[in-house]
Amino acid sequence: MKLKKFTAPTTREALQKLRAELGEDAIILSTKQTAAGTEVLAASSQDLDTVTEKPAAQSAPLSWTKAERTQFAAQEATRQPTPAEKIAQQVAAQRDVLINRAPAVHQIPQAMPAPDMISDVAKRRSQAASDAMASEQTAVLEEIKQMRQLLKDQMAMITWRDALEKNPQRGELWNQLTQSGFSPLFARTVVEKLPADLSDSQVQDWVMNVIKKNLNVVPADKDIVETGGTFALVGPTGVGKTTTTAKLAARCVVKYGADSLGLITTDSYRIGAQDQLRIYGKILGVQVYTAQTHADLAQLRNTMQRKRLILIDTVGMGQRDSRVAEQTKILTDSHVKRVLLLNATSQPETLDDVVRHYKSTGLSGAILSKLDEAIKIGGVLDVVMRHKLALHYIATGQRVPEDLFPADPRVLVHRAMRARSSQAFQASSEELKWKMAQVSATGI
């Protein structure tokens, strides 16, 4: 066996020399660091194959006697292997270890059978064709949908133009209602029922009567103070619940005395919220109690059984606050009637969202607040009519108890119909026609 040494400054250079002379199949026997760099001892695979073959056992000549054969066997048993034989044994042992450690190699077929390859290609082509056809069909359907919507809008525009030419009052009334804050849906519903051959004054009287008939207003002799019971004023933050509670409390005390009234607050979140109601209670000569839980509220109600009217001032929460459901459950379980306060200055969309979240288990009515600050009240009246809420009162300011009045449909409708938007928020005649056509086409 021929062993060769390769010395280089780095191991990489030594391995490059080794492969250049002995080939890629060379076997590295050892490596060590020397003063000259890295020294690698290696041999070619052919030499190792020759060396690692197990040498044939030496045997005694046939002419030897039995005693001579026994002596020869004893000598062979005690004989030390030569250096070449030791290296061959070490290489063979290392090779066995490497073979045992090598992972099993799974045989991979060189090629798929011809029928499978053809089937796979056919499936892929079929899938690609199906995807392309589906994409093309989707695009065609989308174009047809757009063309259909365009034709629908054009036909609606033509229909509205014809209707306006035949009865211009419809367009004027629709514009008046939307400019007053009513929703396009409400305006379209009213306009479609407008009788023909009415004068302008008759049109105004007719539409005002329609709105008044759809407003559910609680009569003055059946309001909260007159009927009595337990009422909780609920609604978003800043809508005026505490001030309205004080106004109702003052009305009750003036008419039936301080002993007829019970005041409870659940607002422990805002700083000074309880103090505000306690100041009003002190002026009226009524004790204000605090309820934090369902048990507290039940206990207070038991102690106030003989009170004619119990008013509960609740904490203000946004309509999407998770605590709204908790508050509603506590009040409902305690058999408390809930009255929702609606801010007349809010957007109609916001008011509609407020009613939908607070109306989950039913409301006993509503009170409109801040009418003195609202420019247009058509939106809040629209929401009240759509959700069929009973109107108890309207609040027009901060004074207690002066700025609280029973809801009067005539006053509300007159106030709503005479409101107008500023020039910046008014639509031109062409914009109005387009808007009316869009409402007719979409039904919104």
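A salt bridge is a side-chain nitrogen of Lys or Arg within 4 Å of a carboxyl oxygen of Asp or Glu. The structure examined here is a predicted model. It holds 9 salt bridges.

D353 and R356 both belong to helix α14, which spans residues 348–358. They sit 3 residues apart, about one turn of the helix. D353 has a relative accessibility of 5%. It counts as buried, because buried means under 20% relative accessible area. R356 is partly exposed, with a relative accessible area of 48%.

A second salt bridge joins the side chains of D382 and R386, at 2.5 Å from N to O. These residues are 4 apart in helix α15, so about one helical turn separates them. D382 is buried at 3% relative accessibility, while R386 is partly exposed at 40%.

A further salt bridge links R399 and D403, at 2.9 Å from N to O. R399 is exposed, with 52% relative accessibility. D403 is buried, with a relative accessible area of 7%. Shared partners also matter for this type of contact. Through them, salt bridges join D352, D353, R356, D382 and R386 into one network.

Attention now turns to the nonpolar residues. In soluble globular proteins, nonpolar side chains tend to be buried together. The largest nonpolar core of this model has 54 residues. Within this core, I211, L215 and L342 touch the most other members. Helix α15, residues 378–386, supplies the largest share of the core, with 5 residues. Leaving out residues up to four places away in sequence, L215 touches L381, V384, M385, L391, P409, L412 and V413. Another core, of 24 residues, lies apart from the largest one. Its members include A249, V286, L309 and A395.

A246 lies in helix α10, residues 241–256. This residue is buried, with a relative accessible area of 2%. Beyond its neighbours within four places in sequence, A246 is in contact with Y280, L284 and V400. A246 and R399 are 153 residues apart along the chain, yet their C-alpha atoms are separated by 9.8 Å.

V140, L141 and I144 make a nonpolar surface patch of about 280 Å². I144 is placed in helix α5, residues 114–166. It is partly exposed, with a relative accessible area of 47%.

Key
Residues are numbered from 1 along each chain as its sequence is written. This is a predicted model: local features need pLDDT of at least 70, side-chain atom pairs count only at pLDDT 80 or more; totals for chains, interfaces and linings use all residues. Side-chain values use heavy atoms; hydrogens and water are left out. Patches are made of residues with over 30% relative accessible area and no salt bridge: like charges are joined within 9 Å, nonpolar side chains (Val, Leu, Ile, Met, Phe, Trp, Tyr) within 5 Å. Accessible areas come from the Shrake-Rupley method with a 1.4 Å probe; for residues, only the protein chains shown count as cover. Helices (H or I, at least four residues) and strands (E, at least two) are DSSP runs, numbered from the N terminus. Buried means under 20% relative accessible area, exposed over 50%, partly exposed in between (1.4 Å probe, protein chains only). Contact means heavy atoms within 4.5 Å. A nonpolar core is a set of buried Ala, Val, Leu, Ile, Met, Phe, Trp, Tyr and Cys residues joined through side-chain atoms within 4.5 Å.
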